[in-house]
Amino acid sequence: MQNNLSRFSEWGRKVVCVGRNFKDHCVELSNPIPKEPLIFLKPTSSYVVEGESIKIPNGCNSLHHEVELGVVISKDGSNILENSAMDYVGGYVLALDMTARDWQDKAKKQGKPWSFAKGFDTACPISSLIPRGDIVNPDDVGLWLKVNGVEKQNGSTKDMIFNIPSLISYISHVMTLERGDVVLTGTPEGVGPVEAGDVIECGVNNLLTMKFNVMKKFQS
Ligand SMILES: O=C([O-])CC(=O)C(=O)O
Ligand SMILES: [Mg+2]
């Protein structure tokens with residue numbers, strides 16, 4: 001896999017997301033602490049890269065930022081054991097799990113899926129590939145996010161409830177993980193709303209930063 005992946009042509013077919021993987025984030029949204037990983041999907045059509053904007057979908061009144069570490073899968077695997085899970089990791093990405101929180105809240109109340117709340121166009125801003133060797137311990141990586149220069153999130157993957165090998169194993173026992181798929185590992189506390197005109201900047205350790213503008217999908 002090259003470092004600068006061109007428009008995701010080489011990327012896999014799915015983004016598998018882990019929710020509620022940080023206790024403090026569960027508490028801030030009054031969600032229960034999960035006993036097993038909470039898994040959902042984003043479509044790859046929701047990817048955006050730096051230079052493109054995050055577009056607030058029409059009808060969403062509360063778009064939240066969630067900074068997350070993504071794990072890029074290097075080869076197909078199912079029923080992967082925890083002790084060999086890292087053999088399937090080709091590298092990492094920094095990603096935003098942009099969430100239409102009002103849509104998600106409504107879906108939660110109605111027992112409906114989160115597909116629209118998490119999968120609208122531009123819901124997954126993503127960095128270029130961070131080579132696997134650049135992150136020695138992915139279960140101890142710092143993640144931060146600023147909105148208009150003001151820090152909102154600052155956490156570490158060491159506080160994840162389920163670590164990366166256990167997540168890869170858990171997911172692959174149900175869903176084959178394919179080369180180029182991305183696993184988003186959940187967000188630390190500090191999520192909150194953004195509005196049109198805001199600038200989101202985020203980073204992973206001192207390895208990589210990325211910046212995105214927020215705009216309305218349809219300007220009236
Ligand atoms: O929407 C949520 O709060 C669940 C989630 O994605 C996360 O915890 O990263
Ligand atoms: Mg998330």
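Is K42 buried or exposed? I find K42 buried at a relative accessible area of 2%, where buried means under 20%, exposed over 50% and partly exposed in between, with a 1.4 Å probe and protein chains only.

I note that this is a predicted model, in which local features need pLDDT of at least 70, side-chain atom pairs count only at pLDDT 80 or more, and totals for chains, interfaces and linings use all residues. Residues are numbered from 1 along each chain as its sequence is written, chains are lettered from A and ligands numbered from 1 in the order in which they are written, and side-chain values use heavy atoms, without hydrogens and water.

I then searched for salt bridges (a Lys or Arg side-chain nitrogen within 4 Å of an Asp or Glu carboxyl oxygen). The whole structure has eight.

K42 pairs with D97 at 2.7 Å, N to O. I place K42 in strand β2 and D97 in the loop between β7 and β8, 55 residues apart; strands are DSSP runs of E, at least two residues, and helices runs of H or I, at least four, numbered from the N terminus. D97 is buried at 1%.

E66 bridges to R101, with the closest N and O atoms 2.8 Å apart. E66 is buried at 3%, and R101 at 5%. I see K42, E66, D97, R101 and K118 linked in a salt-bridge network.

Last, I looked up G203, which lies in strand β15 and is buried at 0%. Its C-alpha is 6.6 Å from that of L145, 58 residues away in sequence.
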